[in-house]
Amino acid sequence: MDLSSISPTLLVASLMVAATPILLASIGELVVEKSGVLNLGVEGMMIIGAIAGFAAAVGTGSPIIGFLCAALGGAALSLVFALLTQFFLSNQVATGLALTLFGLGLSALMGQSYIGIKPPASAKLGLPIISDIPILGPVLFSHDITVYVALALVAGVWWFLKYTRGGLILRAVGESHDAAHALGYKVVKVRIMAIMFGGACAGLGGAALSLVRVPQWTEGMTAGAGWIALAIVVFASWKPARVLLGAYLFGGVAVLQLNLQAAGVSIPVEYLSMSPYLITIIVLVVMSAHRNKAALNAPAALGRAFHASR
Amino acid sequence: MNMKTILASAALAMTAATGALAEKTKVGFVYVGPVGDGGWTYEHDQGRKAVVEAFGDKVETMYVENVPEGPDAERVMTDMALKGADLIFTTSFGYMDPTINVAAKFPNVKFEHATGYKQADNVSVYSARFYEGRAVQGHIAGQMTKSNIIGYIGSFPIPEVIRGINSAYIHAKAVNPDVQFKIVWAYTWFDPTKEADAAKVLIEQGADVVLQHTDSTAPQAAAQAAGNVITFGQASDMAAYGPMPRVSSIIDDWAPYYIARTKAVMDGTWTSTSTWDGIGAGMVGIGEISSAVPADIKASAEALRDSLADGSYHAFTGPLNKQDGSVWLAVGETASDYGDGGLAGMNFYLEGIEGDVPN
């Protein structure tokens, strides 16, 4: 065993990269759930984003266009969910699950001719001097642009929910859609916009996987990342800053277990692989033990269908 | 009448029917990854295409990609047998028990299982001596590394993979006594995400050579992004990543074997056999050593390849000790294929490799 071969600096730097796809997906899902909608289709939207972004980047040679198409692809798929749940008032859990299955199948079909192809490399933030600062350089200033976009989105969502009128309306819709409706807010419109934002974020997360982290396309490459994103939102008790923490924790464990293996530590990797889920369960148990904490801080109208006639 | 007999008689009826109607020999292939993986499955599919080319109208091939190693594989094989396949190649280690099970239900269908060790009257096994190629890789890697750290991405801790690690290690050690191996197990044959992560971790921990026993080109991409890291194509040439990071490769050439076995089925001369060929027979090829490797290293690597090919040198020649220091091969002794301490069941690291073989 030789733990000195694990460099903390590089570990932090690589966990930031590893966590970016799930961070993007979970910050999007947080906004969706804050508006009172439970979309379990994150995995499906991520993988559609992964293939849409990959195909567009390969086709045009531009990763930026790839990311745009990924966001559009994710948002387009989420519109299907929005249509079904907001207009036809279908069950959100069932619709979300169907969306995941649909996304996985559709992406496999779309990706048939993209297996084994190299995508164009996306730009890194190569600041001349700052990137070379000993510890801060690799950790903060030499990543792919998606890492910074994800961080900016987290900060933006936090600010939006806490300090803007729009954020207040979104939260009101999520807490009590009837009251928000009585006040004259367009509940369905707000929710559709939130759902599309969540879809776009999940799509970006998928593209971060297929264009930056791997970078390659394979069928089913998200491999459960969407479900982890859903777990992170609950783990974070619907708070943006904690989503960041959760995503880095999940990403960190994934990177750490490989690092420990390479350093020759003989803990079965299964323990580390299951640890984030164990933490999620423990956090849920601890939080739900305090009943007065307003039921886990969950939006009160989460998962409930809204119809204006009521 | 139980299910087994129903299935068997159905298969008999179908093979008889197809035999009477058409002269075409049907050959099925079960793949563990997609044919576009650029590695293992890609080469098996090249073998399939060679069969089509060799026999034209007389043969009909079918294949199924991305078949998980487990009960699902049995379903796919049964389906192929019911569709009238005369010969089925199952091309991954994990198909071993499914192949044996399905073969028992279809005695008239011939099965060929790659890299396994369980034979039956209608099940042959075949594999290639990849460890000979690993010897050449280790020889190049040991001399090319500057950090003296060589990263190795393992798939599953099975004899085939452990043989490769041992072979690469002893040949790297022979040319560079300071060399150290860092091994990460990915527990998958094909998962670009995991393979890329594993390669990145190894590179972060100082490896400037990454060897892989997984099938995708993702580690090559990770090495390319990192810069001064070299890799070797696995199972296929992976020439798209040359001359850097890919400096050479192990190429599996299944085509001659697939053609010969299909011919045997057509002629009715097929019998259950165990084939294990290496560089000499052409089943293992060493890909072009790229310009990134200095000429003298290239020359000695090619000399090693040729000595393995003509049989004048065995990749596992004593003195070699096991990891715990006990003697495995005495001076001048070469490893046997089977039996105690044989290559087929190798489940131990050799002396000098750190870490344990996972269970």
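**View 1. An aromatic cluster in chain B of the predicted model**. In this predicted model, one aromatic cluster is formed by B:Phe29, B:Tyr31, B:Trp40, B:Tyr63, B:Phe89, B:Tyr126, B:Phe130, B:Trp254, B:Tyr257 and B:Tyr258.

**View 2. The edge-to-face pair of B:Tyr126 and B:Tyr258**. Because B:Tyr126 belongs to strand β5 (residues 123–128) of chain B and B:Tyr258 to helix α9 (residues 255–267) of chain B, the pair ties together parts that lie 132 residues apart in sequence. B:Tyr126 has a relative accessible area of 1% and is therefore buried, and B:Tyr258, at 0%, is likewise buried.

**View 3. The stacked pair of B:Trp254 and B:Tyr258**. B:Tyr258, which is buried with a relative accessible area of 0%, also pairs with B:Trp254; the ring centres are 6.4 Å apart and the planes stand at 15°, so this pair counts as stacked, the cut-off being under 30 degrees. B:Trp254 is itself buried, since its relative accessible area is 0%.

**View 4. The interface between chain A and chain B**. Here 24 residues of chain A are in contact with 28 residues of chain B. The area buried between the two chains is about 2,100 Å², and carbon and sulfur atoms give 51% of this area. On the side of chain A, the residues that lose the most area to chain B are A:Lys118, A:Leu258 and A:Ala262, which together account for 24% of what that side buries.

**View 5. The salt bridge of A:Arg213 and B:Asp197, and the side of chain A that touches chain B**. The count of salt bridges between chain A and chain B is one, and in it the side chains of A:Arg213 and B:Asp197 meet at 2.3 Å, N to O. Between chain A and chain B there are also seven residue pairs in polar contact, with both residues at pLDDT 80 or more. In chain A, the helices α1 (8–34), α9 (187–213) and α11 (240–262) each supply at least two residues of the side that touches chain B, and α11(A) gives the most, with five residues. By residue class, this side of chain A divides into 13 nonpolar, eight polar and three charged residues.

How values were computed: Residues are numbered from 1 along each chain as its sequence is written. Chains are lettered from A and ligands numbered from 1 in the order in which they are written. This is a predicted model: local features need pLDDT of at least 70, side-chain atom pairs count only at pLDDT 80 or more; totals for chains, interfaces and linings use all residues. Side-chain values use heavy atoms; hydrogens and water are left out. Contact means heavy atoms within 4.5 Å. Buried area is the accessible area (1.4 Å probe) that two parts lose on being put together, summed over both. A salt bridge is a side-chain nitrogen of Lys or Arg within 4 Å of a carboxyl oxygen of Asp or Glu. A polar contact is a pair of N or O atoms within 3.5 Å; within protein, one must be able to donate a hydrogen and the other to accept it, and residues adjacent in sequence count only if both atoms are side-chain atoms. Helices (H or I, at least four residues) and strands (E, at least two) are DSSP runs, numbered from the N terminus. Ala, Val, Leu, Ile, Met, Phe, Trp, Tyr, Cys and Pro count as nonpolar, Asp, Glu, Lys and Arg as charged, and the others, Gly among them, as polar. Rings of Phe, Tyr and Trp (its six-membered ring) pair if their centres lie within 6.5 Å; planes under 30 degrees apart count as stacked, over 60 as edge-to-face and the rest as tilted. Buried means under 20% relative accessible area, exposed over 50%, partly exposed in between (1.4 Å probe, protein chains only).
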